[in-house]
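Please read the points below with the sequence and the model open beside them.

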Amino acid sequence: MRKVAHFSARNLCRTMVWMKTTANHFVFVVLICITGESKAFVGKQGAFTTSPLHLRQRDELIQRIPQVFHFSELTKRELSLSPIVESASSLGKSIFRYSGPVPIGQSVILNMALFAIFQAKLLKMLTPEGFIHACALGMGLWSSLGWRGWTLCVAYLFLGSLVTKVRFAEKEKLGIAEGRGGRRGPENVWGSAATGLTCALCSVQGPSFLGIPSELFLLGYVASLATKLSDTFASEIGKVYGKTTFLITTLERVEPGTEGAVSAEGTAASLVGGLALSLYGYIVGLIGLQAVPISAVAAFIATNVESVLGATLQGKKSMEWMTNEVVNFINTLIGAGVAIALGKAFL
């Protein structure tokens, strides 16, 4: 067991070092695309020109990169690699691309670079294994929905982790806190986002897929993550602020943290969480304004259904397979399904 753990840790370290090395090359590409400075000092053949003005512009940009990202100093030889420079234009366009899927190669590069940049922050919210699985999830989201879909999932992770930390020490003393200090593992990543990734991939298969318009798959994607955030808000806020906690099926008073328990405070928090992520989906253009209440309502309905599942099935002797992650997957599936059904009826 120790050898396996050591092997996994060693491979993880190598993977992270490789990711950061890759980012050292491609962050430069991203910067020159955003600033538009590449055209000023890149020649027709994709190599840097040698005029004094061009060289000075290049050197100034090189000096700024370590200051912003704290990476190791990049050499002029590394920055003058023609293949990297030639890909700058298309890579830059992919960052804020709105229509159609982003090429998989560019998606992998951009996603890995961003994960390397925010590695320290993400590892506070994810276990090392969760980090790797989240990176794979991010590649799928970026290739299908671009930065809009990617940042929606990041917003869910950030807000979910933030609310999990609310009075965390108190929840630990009561034995109702999330394990691993609230950090998410692979099972949490896929239990929360497998439905969303499926909707994202379906949305780019054409104007319609399986008889469902792509716009409704986008609504399903937003609603699935809004559902999970709604559930997280309800659970984490209800545990510490819920004054009176009832079992959703019998209205019997139970202790906070009991599977299937609900409270007025937690219910209000669930509405806030679902609405917040739905609004973000509208802000970045994934869904229209009329779809926001549909997404929020679907999230609220699914969250309450999840409480019923927790009260009736989870933890039962004959239902050992009904783990928290399975319930989360069912929860997000219901949220996406209800949103798509309501979207068909009202949009």
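**Notes on the predicted model**

1. Of the 347 residues in the protein chain, 46% are buried (under 20% relative accessible area, with exposed meaning over 50% and partly exposed in between; 1.4 Å probe, protein chains only). The model is a predicted one, in which local features need pLDDT of at least 70 and side-chain atom pairs count only at pLDDT 80 or more, while totals for chains, interfaces and linings use all residues. Residues are numbered from 1 along each chain as its sequence is written, and side-chain values use heavy atoms, with hydrogens and water left out.

2. The protein chain has 15 helices and four strands (DSSP runs numbered from the N terminus: H or I of at least four residues for helices, E of at least two for strands). It exposes about 17200 Å², of which carbon and sulfur atoms supply 65% (Shrake-Rupley method, 1.4 Å probe). Of the contacts (heavy atoms within 4.5 Å) between residues at least 6 apart in sequence, 69% join residues at least 24 apart.

3. The largest nonpolar core has 54 residues; such a core is a set of buried Ala, Val, Leu, Ile, Met, Phe, Trp, Tyr and Cys residues joined through side-chain atoms within 4.5 Å. Tyr221, Leu277 and Leu286 touch the most other members. Elements that give two or more residues to this core include α7 (104–117), α12 (214–241) and α13 (264–283), and α9 gives the most, with 15 residues.

4. Not counting residues up to four places away in sequence, the residues that Tyr221 touches include Leu141, Leu145, Leu152, Cys199 and Leu286.

5. Helix α14 (residues 291–312) packs on helix α15 (residues 324–346) at an angle of about 145°, and their axes are 8 Å apart. Axes are lines fitted to C-alpha atoms, for helices over the stretch in contact, and angles run from 0 to 180 degrees between N-to-C directions. Among the residues making the contact are Ile294, Ile301 and Leu309 of α14 and Val327, Ile334 and Phe346 of α15. By class, this contact has 14 nonpolar, five polar and one charged residues (nonpolar: Ala, Val, Leu, Ile, Met, Phe, Trp, Tyr, Cys and Pro; charged: Asp, Glu, Lys and Arg; polar: the others, Gly among them).

6. Ala299 is found in helix α14. Is Ala299 buried or exposed? Ala299 is buried, because its relative accessible area is 0%. Leaving aside neighbours within four places in sequence, Ala299 is in contact with Ala226, Thr227, Ser230 and Gly274. Leu229 is 70 residues from Ala299 in sequence, yet their C-alpha atoms are 8.5 Å apart in space.
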